[in-house]
Amino acid sequence: MTELLKKMLRDMLLARAFEERAAEEYAKGNIGGFLHLYPGEEAVGVGVLHAAEPADYVVSTYREHVHALARGLSPGAVMAELFGRKDGCSGGMGGSMHLFDRERRFMGGYAIVGETFPVAIGIAYAIALRELPEAVICFFGDGAVNQGTFHESLNMAALWRLPVLFVCENNHYQIGTEIHRHSAVPEVHKRACAYHVPARRVDGMDVLAVYHASGEALAQVRAGNGPQLLEFETYRFRGHSMADAGHYRPRAEVQAYERRGDPIDVAMAEAGMDEAAAARIPADHVGRLAAQLGRDGHLDEEAFESMKAAVAAEVEAAVAFAENSPEPAMEDARAALDCNRHGEVLL
Amino acid sequence: MKNDACLYWQALNRALDAELAADDDVIVLGEDVGLYGGSYRVTEGLYARYGEWRVRDTPISESSFTGLGVGAALVGLRPVVEIMTINFALLALDAIINMAAKIPFMSGGQFPMPLVVRMPGGVARQLAAQHSQRLEQTLMNVPGLRIAVPATPQDAWWQLRQAIRSDEPIVVLEHELLYFSKGPLDEAAEAPPMHRAEVCRAGADLTIVTYSRMRELSLRAAAQLAEQGISAEVIDLRSLRPIDWETCLASLRKTHRLLVVEEDSRFAGAGAEVVATLAERAFFTLDQPPRRVAGEELPIAYNARLEAASIPSAPSIVAAAREICGQQPPEEKS
């Protein structure tokens, strides 16, 4: 467990560093368009995807860089995609919101809220038809549950017992509208009972809790027992996108989440870092860590620092890779569009 | 198998049956396609033969069951989604336009999209405004989609099978009044390319370019024109994306006159694309300005007379053809 925790902590540190660097590159003009960042929510993506098998499929949203990284896409391929370059994981055609990797069964980031549901049940339908022991992980946010596709797709998934794990990243905001202002039933997991889909709410700031809940649910799903839904309560520390400063959130609320603990701090505590070592770590990731420590030091200060240094180097290399990758040409765009034509010449 | 009088729906049914039998990855899904056998009988008998996992009755959830087809196609199934009528496809446009047409592109060419979306459309008999329209103009403007518009049982058989075998997303637009039309079907005959237009009547004086149910009306008009000494060539486009411009241009080089016949309303419709491109490419070949015969700029009324007056008829095609050929419209026959 300690090794797994260290791996998850490392992925979370990579996630945080990658996203913070992406924000810098956006400010420099190297990344364009919409950029939705993940800080605060790392425990969800990392915990869920460490519970997944390589044969499982992942369908994701437009806030999906970290899902892609946790699924094993290289930071270089993801950063190059954010830069719109040819060596990006979508060849520069998709960008931040449309990361794809067929080999890792990363079935895409979808930028229209609510699209992940039908895509996920479609993949699950194929799995069920072929009677394979695989699952589909379908990410969505709290805002997506008011789209018709949520209800339509949960109904079909339950009706035909499709192997889908529905994963709600409930960060309490659909852009600027808080969940009590957008949902009559703000407890997302309660909605699943309308379709007899087993569901529960889990602390999404605690990577171990996320990991265990996902592992249990995925085992049920793969065993052919139908879909499951997990609602992970989390919080994004930044605005909805780079265009959003997040002024609509009360200061007291933001502070409450800060007191509750940064998910990275929680993971460090679970990895067994001792209190004294934690106290010496620079302020950015400490938060409420000290109170949650007290185990015997599996992760010492030195190991943590070297982990952070390795992650920083990886992000640096990813940026260098993206900068050195060429721009795709118009022919590449046409080839992407015609990729399924197999040389057939149209008039 | 040869059949001299096959119904259009039977040809579609034969095509689905053949492909379901040939490839285990082919599935059919939609509202009432299974036990019920399809609203226009197109899926009759398939549920009994292939079972509920290959021929799936869905809830009334157009957006999500079309999206289900997209997801299934991503992992190699060949879903044939039936949308009961094109009018309900408005609820599925996100899956068709934003997903099916774009995922292969957005992924940098990583994923197949062997999805077929079949739907009947057009003006039938007093179904009123919400059930009497076509949406080809909306779908034609989407790079990444292909659109087949079979007008005969033979084309229905050929084009549906070609669509199922293609790895690209293809919309097959059928017409509600064609399902019970009859024509020859030779299952063994070799198919032309799916997008090839057909010169279905040769002529020298003008070219009538049309598709779907308007093929039948245009041929009827051409026969009447022949009696009046005008030789009309009729081209059935068979595909609206891409369009077989070469066949159209070859005809214009012969006739120098262009008339486009379409059932849907004129403004920004399929005919506008045909006229614009042919004018760009053959302006100096044309002796007369091109013309369109199209539906009125009105939603379709329930009233039968108003409905009939809202769409082209053989006489309205004849009148337009005579005008282009420099002859006065004939006197109205009682």
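Domain bounds in this briefing come from an automatic or database domain assignment. On that basis chain B is divided into domain 1 (2-186) and domain 2 (198-324). This is a predicted model, in which local features need pLDDT of at least 70 and side-chain atom pairs count only at pLDDT 80 or more, while totals for chains, interfaces and linings use all residues. Residues are numbered from 1 along each chain as its sequence is written, and chains are lettered from A and ligands numbered from 1 in the order in which they are written.

**Confidence**

- The predictor's confidence in each residue, pLDDT, runs from 0 to 100; its mean for chain A is 90, and 91% of the residues of chain A reach 70 or more.
- Over residues 281-296 of chain A pLDDT stays under 50, although the model has 34 contacts beyond four places in sequence for this stretch, two residues being in contact if their C-beta atoms, placed from the backbone, lie within 7 Å.
- Where pLDDT is low, the predicted coordinates should not be read in detail.

**Chain A: overall form and sheet**

- Chain A has 15 helices and eight strands, where helices (H or I, at least four residues) and strands (E, at least two) are DSSP runs numbered from the N terminus.
- The radius of gyration of chain A is 20 Å, close to the 20 Å that the globule rule gives for 347 residues, so chain A is as compact as a globular protein of that length; the radius is taken over C-alpha atoms, and the rule is 2.2 Å times the number of residues to the power 0.38.
- The C-alpha trace of chain A spans about 70 × 50 × 40 Å along its principal axes.
- An open sheet of six strands in chain A has the order β2-β1-β3-β4-β8-β7, with parallel pairing, two strands being paired if DSSP finds at least two bridges between them.
- At the edges of this sheet stand β2 (106-109) and β7 (199-203) of chain A, each with a single partner strand, so one side of each is left without a neighbour in the sheet.
- Neighbouring strands of the sheet are turned by 15° against each other on average, direction ignored; axes are lines fitted to C-alpha atoms, for helices over the stretch in contact, and angles run from 0 to 180 degrees between N-to-C directions.
- β7(A) runs parallel to strand β8 (residues 228-233) of chain A and is joined to it by five bridges, and L229(A) in β8(A) is the bridge partner of A199(A).
- Helix α5 (residues 116-130) of chain A lies across β1 (57-60), β2, β3 (136-141) and β4 (164-170) of chain A, and runs at about 175° to β3(A).
- H172(A), a residue other than glycine, has a positive phi near 75°, and its place is in the loop between β4 and β5 (173-174) of chain A.

**Chain B: overall form and sheet**

- Chain B has twelve helices and 14 strands, and its C-alpha trace spans about 60 × 45 × 40 Å along the principal axes.
- The radius of gyration of chain B is 20 Å, which agrees with the value near 20 Å that a compact globule of 334 residues would have.
- Seven strands of chain B form an open sheet in the order β3-β2-β4-β5-β7-β6-β12, and the pairing is mixed.
- The edges of this sheet are β3 (55-57) and β12 (239-241) of chain B, each with a single partner strand, so one side of each is left without a neighbour in the sheet.
- The twist averages 20° from one strand to the next.
- Strand β4 (residues 78-82) and strand β5 (residues 116-121) of chain B run parallel and are joined by three bridges, with V81(B) standing opposite V117(B) in β5(B).
- α3(B) packs on the sheet, touching β2 (26-30), β4 and β5 of chain B, and its direction makes about 170° with that of β4(B).
- R241(B) and P242(B) are joined by a cis peptide bond with omega about 0°, and P242(B) is placed in the loop between β12 and α9 of chain B.

**Contacts between domains and chains**

- The C-alpha centres of domain 1 and domain 2 of chain B lie 26 Å apart, and their contact takes 23 residues from domain 1 of chain B and 22 residues from domain 2 of chain B.
- Between the chains, 38 residues of chain B are in contact with 36 residues of chain A, and α3(B) gives the most to the chain B side, with nine residues.
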